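Open the model in your viewer and keep the selection tool at hand. Follow the stops in order.

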Amino acid sequence: MSIDKILAEKRSKIIKKWRNAIIKSYPEDGQGFLKREKSQFANPVGLTISTEIETLYDEIIKGENTEKISSCLDSIIRIRAVQDFKPSRAVAFVLQLKQIIRDELGSGHSDKMRILDNRIDEIALLAFDVYSACRQKISEIRVKEVKNQVGKLLERANLISEIPEQRPAL
Amino acid sequence: MNFVLSILFSSFAVIVVVLIPWIGVGAFDLRILFGIIIPYAAMLTFFVGIVVRVIDWSRSPVPFRIPTTAGQEWSFPWIKSNPIDNPKGTGGVVIRMIFEVLTFRSLFRNTRLEYRRVDGVPKIDYEWEKWLWVAALVFHYSFLVIFLRHFRFFTEPVPGFVTLLQNLDGFMQMGAAPFNGFGLPGVYLTDMLLMAAVTWLLLRRILYSQIRYVSLPADYFPLLLIIALGFSGMLMRYLFRVDVTAVKELAIGLFKFSPVSPEGIGVIFYIHLFILCVLIAYFPFSKLMHLAGIFLSPTRNLSNNSRFVRHVNPWNYPVQTHTYDEYEDEFRDKMIEAGLPVEKEAESTVETEEKE
Amino acid sequence: MADTPKPAEIAKIDHYPSPFEKGWMNKQVEIKPGVYCYASKPKNLEYVGMPYPREWNPADEDWKLPENWKEIIEEGFKDRLDKYRSFKLFMDICVRCGACADKCHFFIGSGDPKNMPVQRAELLRSVYRKNHTIGGKILGPFAGARELTEDVLKEWWYYLYQCTECRRCSVFCPYGIDTAEITIIGRELTNLLGLNIDWIAAPVANCYRTGNHLGIQPHAYKDMMDFFTDEIEDITGIRMEQDFNRKGAEILFITPSGDVFADPGTFTCMGYMMLFHYLKEQGLDITWSTYASEGGNFGFFTSHEMAKRLNAKMYAEAKRLGVKWILGGECGHMWRVLNQYMDTFNGPPDSLEEPVSPITGTKFENAKTTKMVHLVEFTADLMKHNKLKLDPSRNDHLKVTFHDSCNTARGMGFLEEPRYVIKNVCNNFYEMPPETIRELTFCCGSGSGLNAGENMELRMRGGLPRANAVKHVHEKHGVNMLSCICAIDRAVLTSLMEYWVPEVEVTGVHEMVANALVFDGEKKRTTDLRGEPLPGMEDEEDV
């Protein structure tokens, strides 16, 4: 059987495994919630992961539409970038796919698998870009907020008087 | 506490509760202790305990009016307000409380919109996320009916409503109840419902990771106790029949304050009774006090009227504030320069006395 | 690079804890950057006389607690049990049914089980059981009780400042247990040891001294308003001067000072100014105050006492100026305090009268004793009586949705008035899904003083459920404007949108009102208050 056929056949199984692997990166006692809830509004994190990796998987197999891949990565990583993950942990889920596919394929297919490996490596790099962009955004927002708090005032500088270090005698 | 330990601990406690009367009556025939003294002690603990707890709660005042408003407030006549979820006065509060107490309205809110993909097209759907509400409702009402049904043991003559309830509850015995025709009495619907609901309430604590995380032995213990209570009751009814006349003699004696200890009641009855005694004696010291607490809950039993009726805080005390004079003293020159009106002119600053 | 995990480690993230592990009580809290806010600076605590001012850092091992810290907390705990029935009851009656568990935006966004409302409260309850219940004293952990230790205190602090007091959980609780109430009192306890965050402590000190959260002095405040007057003149051709600290005015206007200094609140502030000028001819006699120039009350995030001390300025200033009643601007927690606390805290001076709209003659009977009216209800009444000439087509470039602020929704029930006003001034209004609005509204994730910069990750994930609902209407209806009636919302939703749904901007309701308001003798408007071209005017914009 060709590798493409296997990957298509085992699609839902691989995706399910992948989803579970991602959810396992969350605190143990919240995992049930992330898996169970199917509502877009009550559980945005769980639902985003479930739906986006489906598209992501299909695009990885096809390996054509980088833009679509980026957008899927963005949806997932944008969330993980503000959760308690180290950078490596935040994007590791892309690489996890390799092992999951390999487990499903069994032995053989090494040539095809190498192509797929390379593709996933590239996507991992892409994921790194996306992660950096999200973190960059966070920093930008921080700076912007600081500026904006006194936004109009900065234009008319020198008007703020902070509480002095010593309490003034009343 | 880890949940495995919690369950083990609670199960152990319940097993001990079952063993005590088993040995006490079965081996040592302590019928007076288990049939009279302990039930009286338990009832006393129950009533005194609840009263003490409620008095203790009410000793703490309600300094602020903090209802959770779950609907439109009363404002203009042309805006439709929600007098139940955002009550303006006592009437609304009473209705809100009735709904809360009798129908568990807040739990019922647990609805959730779901988006499903049907053939790739997103479709709005409502997920029926009300199992907790259903289980809670079934559990509490079954318990109530079973409690009322038991009146036939304490009263002579048996009140009409008890017989009626009993007939309604037992309607299944007319039809296709599985035990029919085996010489067994009819199955009560509420027995089944209670056991089903309480099992579900226990299972969800074990199966759902979040709830497992927060559950304490104090959560498993009453559930297991109630399961044991129901199970012993059902055993008594369906398997090890006891002498109902003797039980009734004992029960009526207890309620008439002329206790007797008739012969010939099986141990299983004393086990059932002792579990009940433990449950009601445990009641005032446990989370089961939510029965009384709900009536005192300030987010539910207050009306949202603090903008048009003054609510008084009994311990309100004066606080230090930053007065306008202090403020003007600090900024007077700048205020004058900016053309802002001031109380005192600039030159008088020197003479300004210290306030406070 | 010792920290770099090997690839194999990266892939192996899951861990199965042993079934006999000791549960949550024995897991020590980890104070994580991006989540916690910086510690209060000593000068800000000193200025308002809060105890134990000192330099300390939450990330440090040593929090420099006073020697007898445990006594202080236990004493304070007991004191509050005796003072608040809510607190006592909520410590006792929770059955841990879990109905609230997945209703908290911080739990939804982080998956951290200690962010479940029930668990947040259990952090305090466990100590309560140890000290105040027989079972807890005898059975210890088997009764869910634990000793108060420094680690427990740190855990309290970490999670109490991860709750925005939004009350969403209390809507679902069958006993009405309100985590906000527990957080409020829990924070009071941390404040007994000087453990506040500076994002709350500094605004408190500033509000106390200057009347606004940034420490803007009166002349600068006035200067800002003059600046807005110029801007408005540029857009409308009319000079709309405002009055300050004017004695004898009929109405005193108080709004959160964020409206005066931070975009996009500034546009809302310009909206207020334009509305007041518009009504001047019809008999509106109103003044602003530089002394009581902060409607918001960060004291409410510190302690009940601090809330009262800051709130007192409003009635004091109303009395000094001799006004008849007070009008309050668009703000969330300000209105929670005004609705549920103000009258009880400070009680209005006798000189105030029951509010009556000078334009329509409507008696605001729902503000009979506080004597304080919400500007949005004031405006809704004007619209109902056709007192405003409006051209909603000026807002046709906007597709608007409305975010109910937690405090006005669940601490007041102020749901219809803002919608009525919005529908009068814009033609394109779309609601977000029903489980995310009104009493079920999702918090912005930055309320109750958590709108600092250093905890941006916390804010972004806490705001995810809200942003997610906005994204939905953005994709479905093309919504590009998120309106709200809260100053903190205006500031923080802007950041939230920038991260999650960058195509959506944020506005106050009165900015849209002012855009639609048609003045006699105004010049033809080509731009809105933000200086962006109005629909159909794109070509006419000069320069």
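Select C:Ile326 and look across to β4(C): C:Met372 stands opposite. This is a predicted model. C:Ile326 and C:Met372 face each other where strand β3, residues 325–328 of chain C, pairs with β4(C). The two strands run in the parallel sense, over three bridges.

Now show the whole sheet. In which order do the four strands of chain C lie? Read across: β2-β1-β3-β4. The sheet is open, and its pairing is parallel. Color the edges next: β2 (286–288) and β4 (372–374) of chain C each pair on one side only. Turn the view along the sheet. Neighbouring strands are turned by 30° against each other on average, ignoring direction.

Next, bring up chain B. Its contact with chain C takes 77 residues from chain B and 94 residues from chain C. Which helix gives the most to chain C's side? Select residues 304–321: helix α15 of chain C contributes eight residues. Color chain C's side by residue class. You get 38 nonpolar, 34 charged and 22 polar residues.

Last stop: color by pLDDT. Chain C averages 91, and 95% of its residues score at least 70. Select residues 1–5 of chain C: pLDDT is below 50 there, and the stretch has two contacts beyond near neighbours in sequence. Residues 7–17 of chain C are also below 50, with 16 such contacts. For the model, ipTM is 0.89 and pTM is 0.89.

Note on methods: Residues are numbered from 1 along each chain as its sequence is written. Chains are lettered from A and ligands numbered from 1 in the order in which they are written. This is a predicted model: local features need pLDDT of at least 70, side-chain atom pairs count only at pLDDT 80 or more; totals for chains, interfaces and linings use all residues. Two strands pair if DSSP finds at least two bridges between them. Axes are lines fitted to C-alpha atoms, for helices over the stretch in contact, and angles run from 0 to 180 degrees between N-to-C directions. Two residues are in contact if their C-beta atoms, placed from the backbone, lie within 7 Å. Ala, Val, Leu, Ile, Met, Phe, Trp, Tyr, Cys and Pro count as nonpolar, Asp, Glu, Lys and Arg as charged, and the others, Gly among them, as polar. pLDDT is the predictor's confidence in each residue, from 0 to 100.
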